[in-house]
Amino acid sequence: MNLETPKITINKSQKELFTYLSKADNYLNIMPDGVEKFEVLTEDSFLFQLKGMPVIQLAFKDKEEFGKIVLVADGGKFPFSLTAHFDAVGDDKTEFQLKFDGEFNAMMAMMIKSPINKFIHALSENFNKVMS
């Protein structure tokens, strides 16, 4: 299952946006409403739980300086990645987009597609608010 948010332009440099999302503790600031639990485990991992959902642990898998950050599900039953893309469109303007990639059976994909889509859109919108 592949989902993505629309590209948004944020009036910050690629470096500023990348640096912000490179820190696990900053993800609390962009979580959607309904976060029941958030805990930074290490410099490179954190966990969170949204109301009515299981605890999800994410870890940084890859950071391509200023261009991309890849988070992966660390443990759990559902393998997926969440990738943040940063494309400079000027000195202080950056296009930002989130992409979700997961491997789920058809039944599971049907059940979780809408909540995951809402989740990544909320992350993107909240990131835009925090950085504006």
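Which residues does N126 touch, not counting residues up to four places away in sequence? What you see is a predicted model, in which local features need pLDDT of at least 70 and side-chain atom pairs count only at pLDDT 80 or more, while totals for chains, interfaces and linings use all residues. Residues are numbered from 1 along each chain as its sequence is written, and side-chain values use heavy atoms, with hydrogens and water left out.

Let me begin with the fold. The chain holds two helices and eight strands, where helices (H or I, at least four residues) and strands (E, at least two) are DSSP runs numbered from the N terminus. In sequence order the pattern reads β-β-α-β-β-β-β-β-β-α. The radius of gyration, taken over C-alpha atoms, is 14 Å, close to the 14 Å that the globule rule gives for 132 residues, so the chain is as compact as a globular protein of that length; that rule is 2.2 Å times the number of residues to the power 0.38. The C-alpha trace spans about 45 × 30 × 25 Å along its principal axes.

Of the 132 residues, 39% are buried, where buried means under 20% relative accessible area, exposed over 50%, and partly exposed in between, with a 1.4 Å probe and protein chains only. If we take contacts (heavy atoms within 4.5 Å) between residues at least 6 apart in sequence, 49% of them join residues at least 24 apart.

Now to helix α1, residues 14-21, in which L17, F18, Y20 and L21 are buried. Seen down the axis of α1, these buried residues fall within an arc of 160 degrees, so they line one face of the helix, the arc being that of the directions from the helix axis to the C-beta atoms.

N126 lies in helix α2 and, at 17% relative accessibility, counts as buried; leaving out residues up to four places away in sequence, N126 touches I30, M31 and P32. A122 also has its place in helix α2, and with 16% relative accessibility A122 counts as buried. With the same exclusion of residues up to four places away, A122 touches I30 and P32.

Turning to the strands, T83 lies in β7 and counts as buried at 9% relative accessibility. Once its neighbours within four places in sequence are set aside, T83 is in contact with K68, I69, V70, Q97, L98 and K99.

I will finish with a backbone detail. F66 lies in the loop between β5 and β6, and its phi is near 70 degrees, a positive value in a residue other than glycine. At 25% relative accessibility, F66 counts as partly exposed.
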